[in-house]
Amino acid sequence: MRARAELVADRGPAGELRLPVQRSQAPLVLRRTADAVYLVSGAAGPLGGDQLELRIEVRARARLRLRTVAAAVALPGRSGPESRLTVTATVGPGARLEYLPEPTVVADGARHRTEVAVELAEDATLLLRDEVLLGRHGERGGRCRTRLRVNLAGRPLLRHELDIDGADPAAGGPAVLAGHRAAGTLLTVEPEVADGADGVWGAGGAADPWVAVMPLAGPGVLVTALAHDTRTLRQRLTPGGRQRQLTA
């Protein structure tokens, strides 16, 4: 299956959010609510071989929060190729994007790839979360590769990639998952948060050995965490001083 969705966010004259473009194609279905725009899955999956694409544009001074209503379960397909979700976003001057999807659960035998690319204007801000869980209950889980590429004012800000496989002992070893099933990242590109990262998460994540807080060479902070379940993972990624903004 091939599907594409597109969302353009604009700022109205009173500061309200306008969506001049909101195109959906099952299983990528966009629905607006009072607090956010939600991505609703219109079919099971993604299944092996599915190619899904989401394009986002946040125009100057607009603010967009994009979420999903539930976790996505990547399932194996009959033909064997990997499924892929590609997210491409541009965030204009003074604009803000919050992309906060629920976790991706990678079932046994599945092979899934997520690629996210974001282009930020000089004074744009970004809050982006990505979480992966290997397997449903009683499963080891399949293979998942995630790649995140963020540019700020045309210059590279972050290149981050994770490759995990529930059937690969090396991936479950101390160099990658260290026996955990869930892995996640939270990227914040915002000068105020970058300046106070140690106070928000604790100095370098020292309070929790499974959390790493990494200031970027720019107004950004990347937080990575490991956990045995998605609830604990979300808690480890959530900065205490911004709990209300990021609660699931």
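Reader: How many salt bridges does the structure hold?
Author: The structure holds 21 salt bridges. A salt bridge here is a side-chain nitrogen of Lys or Arg within 4 Å of a carboxyl oxygen of Asp or Glu.

Reader: What should I know about the model before we go on?
Author: This is a predicted model, where local features need pLDDT of at least 70, side-chain atom pairs count only at pLDDT 80 or more, and totals for chains, interfaces and linings use all residues. Residues are numbered from 1 along each chain as its sequence is written, and side-chain values use heavy atoms, with hydrogens and water left out.

Reader: OK, back to the pairs. What does R96 meet in a salt bridge?
Author: R96 meets E98, at 2.9 Å from N to O.

Reader: Are those two buried or exposed?
Author: R96 is buried, at 5% relative accessible area. E98 is buried too, at 8%. Buried means under 20% relative accessible area, exposed means over 50%, and partly exposed is in between (1.4 Å probe, protein chains only).

Reader: Which residue forms a salt bridge with E102?
Author: R234 does, and the closest N and O atoms are 3.2 Å apart. This pair links distant parts of the chain, 132 residues apart. E102 is in the loop between strand 9 (96-100) and strand 10 (104-106), while R234 is in helix 4 (residues 230-237). Helices (H or I, at least four residues) and strands (E, at least two) are DSSP runs, numbered from the N terminus.

Reader: How accessible are E102 and R234?
Author: E102 has 18% relative accessibility and counts as buried. R234 has 9% and counts as buried.

Reader: And what does R143 form with D163?
Author: A salt bridge, with the closest N and O atoms 2.6 Å apart. R143 lies in strand 13 (residues 143-152) and D163 in strand 14 (residues 155-165), so the pair ties together parts that are 20 residues apart in sequence. R143 is partly exposed at 30%, and D163 is partly exposed at 34%.

Reader: Which residues are linked in a network of salt bridges?
Author: E82, R84, R113, E115 and R145.

Reader: What about D130? Where is its place?
Author: D130 sits in strand 12 (residues 125-134). D130 is buried yet has no salt bridge. The nearest side chain of opposite charge, R129, is 8.5 Å away. For charge, Lys and Arg count as positive and Asp and Glu as negative; His and the chain ends are not counted.

Reader: So what is D130 in contact with?
Author: Leaving aside neighbours within four places in sequence, D130 is in contact with T146, A183, G184 and T185. Contact means heavy atoms within 4.5 Å.

Reader: New topic: the core. How many residues has the largest nonpolar core?
Author: It has 39 residues. Those with the most contacts inside it are I56, V58, V118, L120, L126, V150 and L187. A nonpolar core is a set of buried Ala, Val, Leu, Ile, Met, Phe, Trp, Tyr and Cys residues joined through side-chain atoms within 4.5 Å. A second, separate core of 14 residues includes L127, L186, V213 and L233.

Reader: Which residues does I56 contact?
Author: Beyond its neighbours within four places in sequence, I56 touches L7, L64, L66, V87, T88, A89, T90 and L97.

Reader: How do the side chains run along strand 8?
Author: They alternate along residues 83-91. S83, L85, V87, A89 and V91 point to one face and are buried.

Reader: In what sense does strand 8 pair with strand 5 and strand 11?
Author: Strand 5 (residues 51-58) and strand 8 pair in the parallel sense over 8 bridges. Strand 8 and strand 11 (residues 111-120) also pair in the parallel sense, over 9 bridges. Two strands pair if DSSP finds at least two bridges between them.

Reader: Last one. Where does A110 lie?
Author: A110 lies in the loop between strand 10 and strand 11. A110 counts as buried, at 2% relative accessibility. Its C-alpha atom is separated by 7.5 Å from that of G77, 33 residues apart along the chain.
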